[in-house]
Amino acid sequence: MLIQQLLKEAKNPNTSPERLSQLGLLEIEVARAVAKNINTPSETLKTLSSSKDDTTRKYVAGNPNTPLEVFSKLAMQFPKEVLNNPLLPILLMSDANFLEQFPSASLKNMLKRPEMPVEFIEWAAQNADWKVCEGILQNEKATLSALHSLEQRFSDQVTKIQTHLAFSNSIVAPVWTTQALIEDVLAKRATYSLPDGRLRQIGWFSRDENSKAILPLLTYAKCEIASDPNTPIATLQTLARDMYDDVQICVASNPNTPIEVLQELTLASDTVRLSLAKNRSAPIQLLQVLANDSSPDVRRAVTENPISPIELRASILDGVGVKDHIENSIKTLIAFALSPFLRSRWVAAGNPKTPSEILHLLATDTNSDTRRLVANNNATAPDTLKLLVAPSEDNHIRTCAVTNPNIPIEILQQMIREQSFALDVAYHSDIPISILQVLATNTDARVRTNVAKNPSTSVETLCFMYEKESDLGVIGTIALNPNTPIEILEKIFVNHVNLHPELAQNPSASSELLIKLAQGKGLHIRNLVSLHPATPAEVLFHIVSRTNSIGRAYIAQNPKAPIQLLSQLAEDESYGVRAAVAQNPNTTTQSLSQLAEDEHEKVRQYVAKNMLTPISTLEKLATDSIVEIRQAVAKNPSTPTALLAILAQDAKVEVRWYVAIHTNTAIETLQLLARDKVAISSWIVKHPKAPIEALIQVDSSTRVPLETLQQLALEKSKWIRAGVAKNVHTPMALLQQLLTDKDADVRLEIALNRNSPLEILSTLAKDTNWEIRVGVAGNENASSDLLMLMASDENLKVRLEVAKNTQTPFVALQILAIDKDSKIQETALQNYALSREQRSQLLHNANLDFAVELEKLLGSISKSEEGLVAYLHPQAPTPILAKAGRHDDPLIRAAVALHPKTPENTLKVLCQDGDARVRATALARMKDTP
């Protein structure tokens, strides 16, 4: 009863301000009534504005007695109440700049509201910053003049504004669809820069080992669109540039992806190019390019593609490089030149056997790299080169054409009149001497400097330039040119003291000139003289006592330094000097043995590199604790076979790599390295003496005669037998023979062999070794029935491999999608062979429950491209959807309008959205809602 009396008193407008202040301190219901009472004093309302009760603060925002400073505080949360407050028009009339005092976030929220006066919308469009003005784009009352003001002021946001203008002026705005929303995001954003660690979070969820896989969001949606044959070409073009291979793979496999998009993907990763090679809709020219791919898997896929021409397959399978095939076929070169694919045209443009008429055609190609290759081609005719030196052409291409030996001399003479071009041409060694003579008189000192630097500039021209030259920079370059005669160098010594450092670096400087330079006072000049191979030994002995550690290191590096001086410097206090001695070819074996004990690792490393280091010293360094030193021993051309055999067992792969390519490495050592579990294989293939026993272990595509394979299959070494087992050319009869091999490694290679027949794979699927069963589960030749059987394997790694295999039947994937292991569930749902309908069915059958995780994700998402698909998901929580209805991005608000779980009051707000398409979508949903 007492509460009712207090409420009645709090609501009464005649209650005194003092009494209302007292009542404001009581129960929440009473305080709410006080906050609403028009007689409540300002101080009380100010106190109530800090209440923990939202309703109380809401009533304060609408009370005309509320102090001005409180308005700005409450406008962020209650923009509607502030705008409807009867005091606001009076405040605006008395002070036009009143709302400028509000925080940006509050003003932005108010600008979204339809209650906002049009006058202030227009004022904000002309004066406020973009953070505030963005709210105008969500207000249906935004006037054309306001929108045009925004368009003029914010050029970087013009796309958003123009879109709003277009739809705001439409009589009937189009309604969003889920597909349209996703495609719009993809079309506007070519790449997705997700922070580290977000890929897994956005792509898939996994809570703990007992939880089930969670629906893929953004990446999944992009893959679905990229795989859909009905996806518009513009969207496929955007997806082809996606940062994730998974999406690019789907584009590469899509039968409707246009030629120009497929062409872009030839520069993508190996896995993407592999999908291109498998695409049965790929044009022949593209397959011809991929037939020359660096990846053997891509080349193999070309041979397996049924649309590949027989000749192309034969050229790959017979081991004939496609490049060789191209060089021997003028017809192929012409076909490549006319191809829509850049890589094909590049091959033709750079090939010296391409007919000159075809090169003339390629000289007009729109791609600059194609024209550059033509400009460099020695088969390019003079008339074609004239096209490539036109003033409108790229300067780099013009320079390439000028250095072509076929360029007519009259064209060169004409071109060097262009000052900017003369600067680029002057230092090219292929320029005729007569042209260099003309350029030597150019008015630009930079051009003359390049002529003086050119190794093709004649002695006569250099002498002429020195006599006429006044620019010190040009003279300094003449002093450095090895073609400059000694008499000119002597004149520069006398006349230009500042150029003594340049003289000391000239390879043609005489010993007499170097003696004169060494007598100077400059430490830097003496150091340069110390390094010069023409400096006499007595001068080096004289300098060593007058220089610093840098100068002594220069002397120690000098290949003509006397042995006695090097022995002295081997005991220098500076490790840099000792290291220089260690790499000098004149250093004695005694000094090298002494330096091999040096405390500094850099000194020992240079000893290990020196070809004259004694074998006994190399043996000692081969056990050094520093890996770089052991690596240097493995690279040293003088390291003997026996020592390389020891280094082949080094714990560090960096050492074993160089043993694998060393010319002194024995065949037995190469066979040992062929079994190395770390990537040594590519290094062994480079070895000129690599035996077939080693090659067959590291390269499954090695072509070996049948008789040799039969002999190798009987070898005692299990690794050689394993090499036969994995070779793609091994016949079925020989694989059948190896099937009974007692060693699991041999049987594993048969299981992995892509040419192993089903009969053999069926036998290996029952092997007691789980690794062998994993190999069978991942083999493309495994049949649907076999994979169905293996989907129930007791080993989870076997089941995981079955889940990855694109040959796995849908029934088996249904079993794996509800596997007890979450990673297997996730992998089964990601299987590329699944259609959209099949994947949806798997997700439905799995009955996934992840509302908690989804809510966490949505709470942390700020970018539209990351969150759009999540907001469209059927299990998106209602509170999050309500909050997202106020999102700045109209795409997110449209997603909320589309969602069946969006609350009615949020839909009503969206029906008044400033974006016409969002309004249309929300109105359509309201009509459909019962």
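Modeller: A disulfide is a pair of cysteine sulfur atoms within 2.5 Å. The structure holds zero disulfides.

Biologist: What kind of model is this, and how are residues numbered?

Modeller: It is a predicted model, in which local features need pLDDT of at least 70, side-chain atom pairs count only at pLDDT 80 or more, and totals for chains, interfaces and linings use all residues. Residues are numbered from 1 along each chain as its sequence is written, and side-chain values use heavy atoms, with hydrogens and water left out.

Biologist: Why is cysteine 400 called buried?

Modeller: Buried means under 20% relative accessible area, exposed over 50%, and partly exposed in between (1.4 Å probe, protein chains only). Cysteine 400 has 10% relative accessibility, so it counts as buried.

Biologist: Why is asparagine 377 called buried?

Modeller: Its relative accessible area is 4%, so asparagine 377 is under the cut-off for buried. Asparagine 377 sits in the loop between helix 28 (368-376) and helix 29 (382-388). Helices here are DSSP runs (H or I, at least four residues), numbered from the N terminus.

Biologist: Which backbone atom lies 3.0 Å from a polar atom of the asparagine 377 side chain?

Modeller: The backbone oxygen of alanine 349. A polar contact is a pair of N or O atoms within 3.5 Å; within protein, one must be able to donate a hydrogen and the other to accept it, and residues adjacent in sequence count only if both atoms are side-chain atoms.

Biologist: What makes helix 35 and helix 37 roughly parallel?

Modeller: Helix 35 (residues 459-468) and helix 37 (residues 486-495) pack at about 20°, with axes 11 Å apart. Angles under 35 degrees count as roughly parallel, over 145 as roughly antiparallel, 65 to 115 as roughly perpendicular and the rest as oblique. Therefore helix 35 is roughly parallel to helix 37. Axes are lines fitted to C-alpha atoms, for helices over the stretch in contact, and angles run from 0 to 180 degrees between N-to-C directions.

Biologist: Which residues of helix 35 make that contact?

Modeller: Cys463, Tyr466 and Glu467, against Ile488, Lys491, Ile492 and Asn495 of helix 37. Contact means heavy atoms within 4.5 Å.

Biologist: Why is helix 35 called roughly antiparallel to helix 36?

Modeller: The axes of helix 35 and helix 36 (residues 472-480) come within 10 Å and cross at roughly 150°. That angle is over 145 degrees, so the pair is roughly antiparallel. Leu462, Met465 and Tyr466 in helix 35 meet Val474, Ile475 and Ile478 in helix 36.

How values were computed:
Helices (H or I, at least four residues) and strands (E, at least two) are DSSP runs, numbered from the N terminus.
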